[in-house]
Amino acid sequence: MKNPYIPHLARIVNIKKETPDIKTIRFKFVDKKVSKGFKFLPGQVIMVSVFGYGEATFGIVPTEKKDEFEFSFKKVGNVTTALFNMKRNDIIGVRGPFGNGYPLNKLKGKDIILVAGGIGFPPIKALLMSLLK
């Protein structure tokens, strides 16, 4: 069993500049077995390592590609500034997922209103994508 304190290596496959200080990073795990086995619930988070700078928590979002995932962040400190300066093909570390996620089974058959703003939207996007399935 893998040590949960050691991050899996992931390659940045795309970076989208959302605003002057917010970006979305799309990544895929370097190890295909890790990628295939990586499962998470909407609302769970990952710990992202920028080697030499530290680690921070971000909400994870699925993509249309089953082996690629996204997270968004705002440039506010050392780790997010280092992330902001990263380029396509750079390597990050990813641990997780952590947390319980949204109680999807309790939402079935109910009318749902989703409210989010700013950088708090990615976990809601993951929930919306799951509800639409």
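Trainee: How much space lies in the second largest pocket?
Mentor: About 210 Å³, as the space filled by probe spheres set on the grid points, which are joined across faces, edges and corners. A pocket here is an open set of points on a 1 Å grid over the protein atoms alone where a 1.4 Å probe fits, with protein on both sides within 12 Å along at least five of seven lines; lining residues have an atom within 4 Å of a point. This is a predicted model, with local features needing pLDDT of at least 70 and side-chain atom pairs 80 or more, while totals for chains, interfaces and linings use all residues. Numbering runs from 1 along each chain as its sequence is written, and side-chain values use heavy atoms, without hydrogens or water.

Trainee: Which residues lie nearest the centre of that second largest pocket?
Mentor: E18, T24, S72, F121 and P122, out of 13 lining residues. At least two lining residues each come from β1 (8–19), β2 (22–29), β6 (69–74) and α4. Those are DSSP runs numbered from the N terminus: helices H or I, at least four residues; strands E, at least two.

Trainee: And what volume has the largest pocket?
Mentor: About 470 Å³. Of its 17 lining residues, F40, P62, T63, K66 and K133 are closest to the centre. α4 gives the largest share of that lining, 3 residues.

Trainee: Switching to F58. Buried or exposed?
Mentor: Buried, because its relative accessibility is 7%, and the cut-off is under 20% with a 1.4 Å probe, protein chains only. F58 sits in strand β4 (residues 54–59).

Trainee: What does F58 touch?
Mentor: Leaving out residues up to four places away in sequence, V45, I46, V48, F71, S72, F73, T80 and L83, with contact meaning heavy atoms within 4.5 Å. F73 is 15 residues from F58 along the chain, and their C-alpha atoms are 7.3 Å apart.

Conventions. Buried means under 20% relative accessible area, exposed over 50%, partly exposed in between (1.4 Å probe, protein chains only).
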